[in-house]
Each structure stands twice: as structure tokens, then as C-alpha cells.
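Student: I would like to go through this structure with you. Could we begin once it is on display?

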Amino acid sequence: MTHPEQTPQQKREHADPDEGSRPLPWFLTMFLGAMAMWGAFYIYATPSGEESSYGDQRTVAALRPPVKVAGAAAAGDGKQVYGSKCAACHQATGLGVSGVFPPLAGSEWVVGDEKILTHILLHGVAGEMAVKGAVYKGVMPAWKTMSDDELAAVMSYIRSDWGNQAAPIKPDTVKAQREATKARNEPYKGGQELQSGS
Ligand code: HEC
């Protein structure tokens with residue numbers, strides 16, 4: 001870039017520095033490429049459903065929620081339904097609130113006739129009913145908006161916790177009682193009407 005008019009001092013100067021593009025060194029590019037390929041291969045080649053020698057060794061199958069068996073009410077689901085729909089009144093302990101909400105633990109209604117229990121749940125109760133020797137006169141809401149499965153599950157749950165020991169109730173039973181009492185659109189008027197079996 002010499003120019004006739006440049007002075008000797010100018011010629012002595014270095015050229016102005018300029019910023020060129022500086023590519024990654026080739027070995028780094030190749031290294032990164034090799035890493036990416038190895039990573040892809042590793043993911044592709046690692047079996048994902050088998051028991052792993054890493055972590056807590058649970059398999060994919062073990063992490064899946066349990067499959068529901070048709071016809072069997074899962075007590076686990078029942079506990080969840082109970083927690084969200086019933087515990088506010090009957091309490092998580094199943095002991096209820098003295099004088100206001102009757103206990104389910106040790107209740108003759110809970111472990112008794114499955115049809116009557118199903119009637120209580122489907123249509124509710126508003127009137128006098130005796131539970132474990134104490135008379136309650138409150139309002140038990142109707143739960144007929146719940147599915148047969150859900151009702152069977154929650155009833156099976158309350159029949160098996162807090163020391164209660166009664167056989168689970170099948171969704172078919174709920175279905176049959178729903179059909180048998182479909183004309184009813186008001187709560188039972190108390191223990192006596194429930195016992196009469198209508
Ligand atoms: C708003 C409060 C309330 C909720 C929520 C409630 N109950 Fe009740 N339940 C009552 C009352 C009050 C009675 C007593 C009714 C009466 O005195 O006529 C009762 C009675 C009962 C009875 C018969 C009496 C006994 O203690 O055994 C059962 C069984 C029962 N409830 C189960 C349930 C289940 C299961 C759920 C949830 C799906 C539920 N209840 C939700 C208030 C409630």
C-alpha cells in the first residue's frame with residue numbers, strides 16, 4: 001500500500017489493524033461435533049424402560065400409575081375422594097364433630113347394609129338419625145353427581161379405615177341402587193325412612 005506521496009515516517013508505520021473473522025480452531029470444532037454425535041448415540045442406544053443402574057433404580061413401569069381393574073373399587077382413590085368431598089364435615093379421622101357431624105368410624109350405617117349406605121350417599125339425609133347412640137339432626141348432602149366408580153371407591157374406603165372392617169362395595173351395586181331410587185329427588189327424612197328401605 002505504498003503511495004508515492006507517503007513520507008518516510010508514514011512508510012515506517014505498520015498498517016492499521018483490522019478485525020478479521022476468527023473461526024474456532026478446527027480441533028475444537030471437531031471435538032464439539034464428536035461430543036454431539038456421542039450424545040445422540042448414547043441417548044439412542046441407552047435402554048430407557050429397563051432397570052437403571054443409576055439413580056434410585058426405578059423402572060418406567062414402576063413409575064406408571066397403577067392400572068385400574070374394572071369392577072374393583074380402588075381404596076386409594078376412595079381416600080382421595082374422601083379427602084376432597086367428605087373430610088370437611090366428617091373429618092380426616094372419621095370421628096366427625098360431636099353433636100354436628102356424625103362419626104363414620106365405628107358407625108353402624110357405614111359398616112351395615114350396603115344398599116342403605118349407598119342410599120345415604122346418593123340422596124343425602126335431612127332429618128333425625130342416630131349414630132353410635134347419639135341423635136343427629138343435620139343435613140347430609142346428596143352425592144349423585146359422583147360416578148358409580150367414585151361412590152363405590154369412597155364407600156369402600158370408609159368401610160375399611162379407622163378400624164372399620166366391612167366388605168368393599170362394587171360400582172355395580174351403586175348402579176343398581178341409583179336405578180332403583182331414581183324417582184327420588186329429595187334427601188331421606190332421617191334414619192327411619194332409610195331403614196324402611198325405599
Ligand atoms: C356438609 C357436611 C357433610 C359432608 C360434606 C358430608 N357429610 Fe355425611 N353427613 C353429614 C351430616 C350432618 C350427617 C347426619 C345427617 C342427619 O343428621 O340427618 C351425615 C351422615 C352421613 C352418614 C350416615 C351417618 C354416619 O355417621 O354413619 C354417612 C355414612 C356419611 N354421612 C358419609 C359421608 C361421605 C362418604 C361423604 C363424602 C362423600 C359425606 N358424608 C360428606 C354431613 C356431611
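Student: By class, how many nonpolar, polar and charged residues are in the lining of the largest pocket?

Tutor: The lining of the largest pocket has 24 nonpolar, 4 polar and 2 charged residues. Here Ala, Val, Leu, Ile, Met, Phe, Trp, Tyr, Cys and Pro count as nonpolar, Asp, Glu, Lys and Arg as charged, and the others, Gly among them, as polar. Please note that this is a predicted model, in which local features need pLDDT of at least 70, side-chain atom pairs count only at pLDDT 80 or more, and totals for chains, interfaces and linings use all residues. Residues are numbered from 1 along each chain as its sequence is written, and side-chain values use heavy atoms, with hydrogens and water left out.

Student: How much space lies in that largest pocket?

Tutor: The largest pocket holds about 460 Å³. Among its 30 lining residues, His-90, Pro-102, Leu-104, Ile-120 and Met-140 are the closest to the centre. A pocket, on a 1 Å grid over the protein atoms alone, is an open set of points where a 1.4 Å probe fits, with protein on both sides within 12 Å along at least five of seven lines; lining residues have an atom within 4 Å of a point. Points are joined across faces, edges and corners, and the volume is the space filled by probe spheres set on them.

Student: Which element gives the largest share of the lining?

Tutor: Helix H4 does, with 6 residues. Helices (H or I, at least four residues) and strands (E, at least two) are DSSP runs, numbered from the N terminus.

Student: Changing topic, how do E1 and E2 pair?

Tutor: Strand E1 (residues 125-131) and strand E2 (residues 134-140) are antiparallel, with 7 bridges; pairing requires that DSSP finds at least two bridges between the strands. Val-131 has Ala-134 in E2 as its bridge partner. The hairpin has 2 residues between the strands, and Lys-132 takes a positive phi near 50° there.

Student: And which way do E1 and E3 run?

Tutor: E1 and strand E3 (residues 188-190) run parallel, joined by 2 bridges. Glu-128 stands opposite Gly-190 in E3.

Student: How many disulfides are there?

Tutor: A search of the whole structure finds 0 disulfides, a disulfide being a pair of cysteine sulfur atoms within 2.5 Å.

Student: Is Cys-86 buried or exposed?

Tutor: Cys-86 is buried, because its relative accessible area is 11%, and buried means under 20%, exposed over 50%, partly exposed in between (1.4 Å probe, protein chains only). Cys-89, at 28%, is therefore partly exposed.
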